[in-house]
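Welcome! Open your viewer, get the selection tool ready, and follow along one stop at a time.

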Amino acid sequence: MKLFAVFGNPIKHSKSPIIHKLFAKQTGILQNYIKINVPINFFSKSIRNFFQNGGLGANITIPFKKEAYKICDILTSRAKYSGVVNTIKITSSKKILGDNTDGIGLLKDLKNLNFITTKSNILLLGAGGAAQGVIYSLIHFGCNITIVNRTYQHAKDIVRYFKNIKKINYLKIEDLSYHSINNINYDIIINATSSSMKKKIPNIPSSIIKPNIFCYDLFYNKGNTPFLKWCVEHGVKNVSDGTGMLIEQAAYSFYLWHGIIPNTKKIIRKYI
Ligand SMILES: NC(=O)c1ccc[n+]([C@@H]2O[C@H](COP(=O)([O-])OP(=O)(O)OC[C@H]3O[C@@H](n4cnc5c(N)ncnc54)[C@H](OP(=O)(O)O)[C@@H]3O)[C@@H](O)[C@H]2O)c1
């Protein structure tokens, strides 16, 4: 049977195997999709072992997306522009092809939810692999992005990476209060930090929250994540976790491996 996997650390929470099982059933493809928990310094070795033992493709998750970019021999343009890789496959000439489906997956879900327009002003919390991976698609769609991160330097590094793009800037967390005092409004707040995984919320002032803002957490959970609960407590009406993004990004990964795009609406309905 064709072998696929998701590599990460931690990986226990991942719902990718369930989603890929549903895609395989829907499209009649026989595949086995497993979770692989990778010790922090063994990422490239684990990938090499996987391909040597018959693996055909994989998803890469926290915290290996930037490392995955470095081990690829060939990159799709989405992966090249974003500088992070969440999907890989082995080609017939034994090269590792890297793609980034997080950005397009998030954008598709935000459109499904009617959270986004081409003019949306987005506050992006976080500067890890997921944050970097979604920027290209959001900017390409037309949005403006402000990045705020716990470690200021990491936010600066991402903006430096996208140096030729004018629609992206960064702020110190403490400057957010100053922004809200000056009535700079965000249309969407996207939590791309891993804080919800640790049952924490990013340290941002509640003054930036307005009732008509859309709040999205990339993390997914049964019920609202800690960040989304906090948003609702502060009056936000429209919130969503990252389940839809997870399903949409998985569909684009499935397409890279099998050349078939599954019907995601049917799968999303099972989860909502
Ligand atoms: N729904 C989906 O399809 C999907 C796809 C991709 C990722 N995700 C989720 O996105 C999240 C981030 O993943 P990643 O790959 O970007 O991880 P990562 O590369 O390890 O980056 C983690 C980020 O979170 C910040 N952070 C961690 N703990 C924090 C806290 N307590 N308060 C504030 N900031 C904190 C880090 O800030 P510092 O720079 O200061 O360390 C960094 O910016 C994870 O929860 C992951 O499950 C979901």
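In which sense do E10 and strand E11 (residues 214-217) pair, and over how many bridges? Select both strands: E10 and E11 pair in the parallel sense, over four bridges. Two strands count as paired if DSSP finds at least two bridges between them. Strands (E, at least two residues) and helices (H or I, at least four) are DSSP runs, numbered from the N terminus.

A note before going on: this is a predicted model, in which local features need pLDDT of at least 70 and side-chain atom pairs count only at pLDDT 80 or more, while totals for chains, interfaces and linings use all residues. Residues are numbered from 1 along each chain as its sequence is written, and side-chain values use heavy atoms, with hydrogens and water left out.

**Stop 1**

Next, show the side chains of E10 (residues 188-191). Ile188 and Ile190 point one way, Ile189 and Asn191 point the other way, and all are buried. In a regular strand the side chains alternate between the two faces of the sheet. Buried means under 20% relative accessible area, exposed over 50%, and partly exposed in between (1.4 Å probe, protein chains only).

**Stop 2: the ligand**

Select the ligand and the residues around it. There are 25 of these, and Ala130, Asn149, Thr151, His154 and Leu218 come nearest; a residue is near if one of its heavy atoms lies within 4 Å.

An oxygen atom of the ligand is 2.7 Å from a polar backbone atom of Ala130. A backbone N or O atom of Gly129 lies 2.9 Å from an oxygen atom of the ligand. For Arg150, an N or O atom of the side chain is 2.9 Å from a ligand oxygen atom. The protein covers 89% of the 940 Å² of accessible area that the ligand has on its own (Shrake-Rupley method, 1.4 Å probe).

Which elements give two or more residues to the shell around the ligand? They are helix H6 (129-141) and helix H10 (243-258). The largest share, three residues, comes from H10.

**Stop 3: Ser253 in helix H10**

Keep H10 selected and pick Ser253, which lies in this helix. Is Ser253 buried or exposed? Ser253 is buried, because its relative accessible area is 0%. Its side chain makes polar contacts with the side chains of Thr87, at 2.8 Å, and Thr101, at 3.4 Å. A polar contact is a pair of N or O atoms within 3.5 Å; within protein, one must be able to donate a hydrogen and the other to accept it, and residues adjacent in sequence count only if both atoms are side-chain atoms.

**Stop 4: the six-stranded sheet**

Now select E2-E1-E3-E5-E6-E4: in that order, six strands form an open sheet with mixed pairing. Strand E2 (31-37) and strand E4 (74-75) stand at the edges; each has a single partner strand, so one side of each is left without a neighbour in the sheet. Strand E1 (residues 2-8) and E2 pair in the parallel sense over seven bridges, and Ala5 has Ile34 in E2 as its bridge partner.

**Stop 5: Lys237**

Finish in the loop between helix H9 (226-233) and strand E12 (238-240), where Lys237 is found. Lys237 is exposed, with a relative accessible area of 64%.
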